[in-house]
Amino acid sequence: MTEKERLDILEEWLKLHKGLIFKVVRAYTVEDHDDLFQEIIIQVWHSIPAFRQEASVTTWLYRIALNTAIKWTKKEKKYAGAEILDNVQHLLQENRIQVDERLTWLYGEIYKLDEIDRSVTLLLLEGFSYKEMSAMLGISESNVGVKINRIKKQLIAKSKNYDNHGI
Amino acid sequence: MEFDEMKKIWDAQNNQPLYVIDEKALHNRVQSKMSTVLRLTNISEWSLIMTYLVAGGILIGLNPFKRGANIFLYLEAIWMFAVVVYFVVSHIRRIKASRQFDRSIHGDLNHTISLLSYQVRLSQIIRWNLLPMGAIMIFSGWEAGKLFRVSAVILVSYTLAFYVTSKGIRANKRRKRELQVLKEKLETGN
């Protein structure tokens, strides 16, 4: 596969599925959107030759984006900092749209979860089945079920506070 | 709020992307990062292999032309070639092992943990390998009547290598511990 073909695929995937990557970026960082986004794009680019169409592009991208986001730490951000300061060209800009406050709250609650639970929550909200989640996460379906039950209970309980305070 | 309602709120954002991408900036950043990230592990492995190979070659090549050829320098060169063989075998094993991990998040975490273990092991080998190499060099200096000078050079080199590798080893071990914690979180229901 030539570099040109690889870049074409990357551009097409980005055009069609960028929303998916945005969601992961938003759920995993409050500040360094650019850096995590860049890291995910690079990992996606690396993964293109290995894509065999056994999975859908969405599943493939979700897995790579989550893999990258989970391992993305403050340490890595620190290293990347110098590069960002040198090159103040922002990759992402907030879309100036009226965002549902409840969505902002939901992202806030997802962000409070640990890295693994964030992945499970994103996959759950995206409507992936237990079987798909189990394959993507590499753990058993029953383990996925246990995590989901706990996360759902937690989110519902917190939403009651949110409803009560009418934030 | 019930979970189904949260799902509806979540789905509603699909029609309104959260961000706008600056395509040109993205292209520039990806291109510049690609060239560095892509070959980093390979470069460090091959530069080690080449360093030992060239240093061993120089010892073998120049020793016969020196007055009073030193047997310990030949021994040092042979040791260096043996280390090169070890590095090449480790490199091949690493490439083969990287194909064994599945493409799930669990598999990816395992792969990264194994890579970090490999890097820690490599740094430790570089560090401890200086001991036998230094010992042979000290014997060589002793035979050539330059024991004090050679010992001083070995001591400085070892201290330097110890300092440089320690930082890398500590950073990789810390990163490995963090990933192991993530792996445990993934494996347990908590």
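**Close-up views of a predicted two-chain model**

Figure 1. Among the contacts in chain B between residues at least 6 apart in sequence, 69% join residues at least 24 apart. The secondary structure of chain B comprises six helices and one strand, and along the sequence these elements follow the pattern α-β-α-α-α-α-α. Chain B has 190 residues, of which 16% count as buried. Its mean pLDDT is 81, with 89% of the residues of chain B reaching 70 or more. Within chain B, confidence is highest in helix α1 (residues 3-12), at a mean of 89, and lowest in helix α2 (residues 23-37), at a mean of 62. For the model, the scores are ipTM 0.81 and pTM 0.70.

**Figure 2. Helix α5 of chain B and the residue that follows it.** Helix α5 of chain B covers residues 105-144, a run of 40 residues. From its first C-alpha to its last, α5(B) reaches 58 Å, which is close to the 58 Å expected at 1.5 Å a residue. After α5(B) comes G145(B), and the phi of G145(B) is positive, near 75°.

Figure 3. Chain A is built of eight helices and one strand, which run α-α-α-α-β-α-α-α-α from the N terminus on. Of the 167 residues of chain A, 32% count as buried, and residues 24 or more positions apart account for 72% of the contacts in chain A with a separation of 6 or more. The domain assignment of chain A gives domain 1 (1-95) and domain 2 (98-167).

**Figure 4. The contact between chain A and chain B.** The contact takes 45 residues from chain A and 40 residues from chain B. On the side of chain A that touches chain B, the elements giving two or more residues are α1 (3-28), α2 (33-47), α3 (57-71), β1 (92-94), α5 (101-112), α6 (115-125), α7 (130-137) and α8 (141-165) of chain A. The largest share of that side, nine residues, comes from α8(A). Divided by class, the residues of the side of chain A that touches chain B are 21 nonpolar, 12 polar and 12 charged.

**Figure 5. Strand pairing between the chains, with Q93(A) in view.** Strand β1(A) pairs with strand β1 (residues 19-21) of chain B in the antiparallel sense, over three bridges. One of the partners seen here is I21(B) in β1(B), the bridge partner of L92(A). Q93(A) also lies in strand β1 of chain A. Q93(A) counts as exposed because 12 C-beta neighbours lie inside 10 Å, the cut-off for exposed being 12 or fewer. Leaving aside its neighbours within four places in sequence, Q93(A) is in contact with Y19(B), V20(B) and D22(B). Within chain A, Q93(A) and R63(A) are 30 residues apart in sequence, and their C-alpha atoms are 24 Å apart in space.

**Figure 6. Helix α7 of chain A and V144(A) in helix α8.** The buried residues of α7(A) are M133(A), A135(A), M136(A) and L137(A). Just after α7(A), G138(A) takes a positive phi of about 80°. V144(A) lies in helix α8 of chain A, and V144(A) counts as buried because 24 C-beta neighbours lie inside 10 Å, where 20 or more are needed. Leaving aside neighbours within four places in sequence, V144(A) is in contact with Y130(A), M133(A), S134(A), L137(A) and I139(A); of these, M133(A) and L137(A) are among the buried residues of α7(A). V144(A) and Y162(A) are 18 residues apart along the chain, and their C-alpha atoms are separated by 26 Å.

Note on methods
Residues are numbered from 1 along each chain as its sequence is written. Chains are lettered from A and ligands numbered from 1 in the order in which they are written. This is a predicted model: local features need pLDDT of at least 70, side-chain atom pairs count only at pLDDT 80 or more; totals for chains, interfaces and linings use all residues. Two residues are in contact if their C-beta atoms, placed from the backbone, lie within 7 Å. Helices (H or I, at least four residues) and strands (E, at least two) are DSSP runs, numbered from the N terminus. Ala, Val, Leu, Ile, Met, Phe, Trp, Tyr, Cys and Pro count as nonpolar, Asp, Glu, Lys and Arg as charged, and the others, Gly among them, as polar. Two strands pair if DSSP finds at least two bridges between them. The expected span of a helix is 1.5 Å times one less than its number of residues. pLDDT is the predictor's confidence in each residue, from 0 to 100. Domain bounds come from an automatic or database domain assignment.
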